[in-house]
Amino acid sequence: MSPSSTSSAPEPTPKQDQLIGYCRSNGLRHPAFQVVSDRRGGRTAWSCMVSVGGREIHARFWYDSPYVGSAREDAAERALQVLGQIPTPAGPQPAHFQQQQRAVYRNGFGAVHG
(Lines give C-alpha, C1' and ligand atoms only; values in the text may rest on other atoms or scores of the structure.)
Protein backbone atom coordinates (compact mmCIF):
# COMPACT_ATOMS: atom_id res chain seq x y z
CA MET A 1 0.00 0.00 0.00
CA SER A 2 1.16 3.48 -0.69
CA PRO A 3 -0.21 6.71 0.76
CA SER A 4 -1.74 9.22 -1.59
CA SER A 5 -1.18 12.91 -1.32
CA THR A 6 -3.84 15.38 -2.36
CA SER A 7 -3.59 19.12 -2.66
CA SER A 8 -6.83 19.84 -0.83
CA ALA A 9 -9.02 17.95 1.61
CA PRO A 10 -12.45 16.93 0.32
CA GLU A 11 -15.60 18.24 1.97
CA PRO A 12 -16.61 16.18 5.02
CA THR A 13 -19.60 13.88 4.67
CA PRO A 14 -22.16 12.90 7.35
CA LYS A 15 -20.08 10.23 9.13
CA GLN A 16 -16.93 12.33 8.87
CA ASP A 17 -18.83 15.28 10.38
CA GLN A 18 -20.10 13.03 13.18
CA LEU A 19 -16.56 11.77 13.86
CA ILE A 20 -15.19 15.33 13.90
CA GLY A 21 -17.94 16.30 16.37
CA TYR A 22 -17.13 13.31 18.57
CA CYS A 23 -13.44 14.29 18.66
CA ARG A 24 -14.28 17.90 19.43
CA SER A 25 -16.67 17.02 22.27
CA ASN A 26 -14.18 14.55 23.79
CA GLY A 27 -11.13 16.81 23.60
CA LEU A 28 -9.42 14.69 20.95
CA ARG A 29 -7.38 15.98 18.04
CA HIS A 30 -9.13 16.33 14.70
CA PRO A 31 -9.30 12.91 12.97
CA ALA A 32 -6.49 12.46 10.44
CA PHE A 33 -7.54 10.68 7.24
CA GLN A 34 -4.99 9.00 5.00
CA VAL A 35 -5.97 7.68 1.59
CA VAL A 36 -3.93 4.67 0.44
CA SER A 37 -3.66 2.84 -2.86
CA ASP A 38 -2.82 -0.70 -3.88
CA ARG A 39 -2.02 -1.81 -7.41
CA ARG A 40 -4.12 -4.86 -8.28
CA GLY A 41 -3.35 -6.30 -11.68
CA GLY A 42 -4.10 -3.59 -14.21
CA ARG A 43 -6.05 -1.46 -11.75
CA THR A 44 -5.42 0.58 -8.63
CA ALA A 45 -7.72 0.17 -5.63
CA TRP A 46 -8.13 2.92 -3.02
CA SER A 47 -8.95 2.75 0.67
CA CYS A 48 -8.59 4.97 3.71
CA MET A 49 -7.51 4.86 7.31
CA VAL A 50 -8.23 7.39 10.03
CA SER A 51 -6.29 8.13 13.18
CA VAL A 52 -8.47 8.99 16.18
CA GLY A 53 -7.33 9.20 19.79
CA GLY A 54 -4.11 7.33 19.05
CA ARG A 55 -5.91 4.53 17.18
CA GLU A 56 -5.57 3.78 13.48
CA ILE A 57 -8.83 2.50 12.02
CA HIS A 58 -9.11 1.17 8.46
CA ALA A 59 -12.03 1.34 6.06
CA ARG A 60 -13.68 -2.01 5.39
CA PHE A 61 -13.44 -1.94 1.60
CA TRP A 62 -11.25 -0.90 -1.33
CA TYR A 63 -12.72 1.41 -3.98
CA ASP A 64 -12.14 2.49 -7.57
CA SER A 65 -10.64 5.97 -7.92
CA PRO A 66 -13.92 7.85 -8.57
CA TYR A 67 -15.12 6.64 -5.15
CA VAL A 68 -12.22 7.68 -2.91
CA GLY A 69 -14.69 9.84 -0.96
CA SER A 70 -16.61 6.68 -0.13
CA ALA A 71 -13.41 5.19 1.30
CA ARG A 72 -13.09 8.20 3.66
CA GLU A 73 -16.74 7.86 4.70
CA ASP A 74 -16.25 4.11 5.21
CA ALA A 75 -13.26 4.76 7.50
CA ALA A 76 -15.20 7.39 9.45
CA GLU A 77 -18.16 5.04 9.90
CA ARG A 78 -15.85 2.24 11.03
CA ALA A 79 -14.18 4.60 13.53
CA LEU A 80 -17.57 5.60 14.96
CA GLN A 81 -18.40 1.91 15.40
CA VAL A 82 -15.08 1.18 17.10
CA LEU A 83 -15.62 4.18 19.40
CA GLY A 84 -19.10 2.92 20.31
CA GLN A 85 -20.93 5.87 18.75
CA ILE A 86 -22.97 3.88 16.25
CA PRO A 87 -23.88 0.19 16.27
CA THR A 88 -21.79 -2.34 14.38
CA PRO A 89 -23.94 -4.37 11.97
CA ALA A 90 -24.53 -7.91 13.20
CA GLY A 91 -23.34 -10.54 10.74
CA PRO A 92 -22.88 -10.36 6.99
CA GLN A 93 -24.48 -7.79 4.69
CA PRO A 94 -27.93 -8.67 3.27
CA ALA A 95 -27.80 -10.72 0.07
CA HIS A 96 -29.29 -7.92 -2.04
CA PHE A 97 -26.45 -5.58 -0.99
CA GLN A 98 -23.81 -8.18 -1.85
CA GLN A 99 -25.41 -8.77 -5.26
CA GLN A 100 -25.49 -5.02 -5.89
CA GLN A 101 -21.80 -4.70 -4.99
CA ARG A 102 -20.85 -7.57 -7.31
CA ALA A 103 -22.83 -6.03 -10.18
CA VAL A 104 -21.25 -2.64 -9.61
CA TYR A 105 -17.76 -4.16 -9.42
CA ARG A 106 -18.25 -6.10 -12.68
CA ASN A 107 -19.05 -2.78 -14.36
CA GLY A 108 -15.86 -1.22 -13.03
CA PHE A 109 -17.44 1.05 -10.40
CA GLY A 110 -17.66 1.19 -6.62
CA ALA A 111 -16.14 -0.97 -3.97
CA VAL A 112 -13.37 -3.41 -4.71
CA HIS A 113 -13.53 -6.08 -2.02
CA GLY A 114 -10.20 -7.29 -0.83
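**Helix pair and nonpolar core**

Let me start with the helix contact: from H1, the residues Pro14, Lys15, Gln16, Gln18 and Leu19 meet Gly69, Arg72, Glu73, Ala76, Glu77, Ala79 and Leu80 of H2. Sorted by class, this contact has five nonpolar, three polar and four charged residues. Keep in mind that this is a predicted model.

Now the geometry. The axes of the two helices, H1 and H2, come within 8 Å, and they cross at roughly 40°. That angle is why H1 counts as oblique to H2. The crossing of H1 and H2 is left-handed.

Next, the core. The largest nonpolar core has 20 residues, and those touching the most other members are Leu19, Phe33, Cys48, Val50, Val52 and Ala79. At least two residues each come from helix H1 (14–25), strand S2 (32–40), strand S3 (43–52) and helix H2 (68–82). H2 gives the most, with five residues. As background, nonpolar side chains in soluble globular proteins tend to be buried together.

What does Leu19 touch, not counting residues up to four places away in sequence? The list is Pro31, Phe33, Val50, Val52, Ala76, Ala79, Leu80 and Leu83. Two of these, Ala79 and Leu80, are also among the H2 residues in the helix contact I started with.

Last, a residue in helix H2, Gln81. Is Gln81 buried or exposed? Its relative accessibility is 7%, and the cut-off for buried is under 20%, so Gln81 counts as buried. Leaving out residues up to four places away in sequence, Gln81 touches Arg60, Ile86, Pro87, Thr88 and Pro89.

Notes
Residues numbered from 1 in each chain as written. Predicted model: local features only at pLDDT ≥ 70, side-chain atom pairs only at ≥ 80, totals over all residues. Heavy atoms only, no water. Core = buried A, V, L, I, M, F, W, Y, C linked by side-chain atoms within 4.5 Å. Buried < 20%, exposed > 50% of the residue type's maximum accessible area, 1.4 Å probe, protein only. Helix = DSSP H or I, 4+ residues; strand = E, 2+ residues; numbered from the N terminus. Contact = heavy atoms within 4.5 Å. Axes fitted to C-alpha atoms, helices over the stretch in contact; angles between N-to-C directions. Parallel < 35°, antiparallel > 145°, perpendicular 65-115°, else oblique. Left-handed = near helix turned anticlockwise from the far one by under 90°. Nonpolar A, V, L, I, M, F, W, Y, C, P; charged D, E, K, R; others polar.
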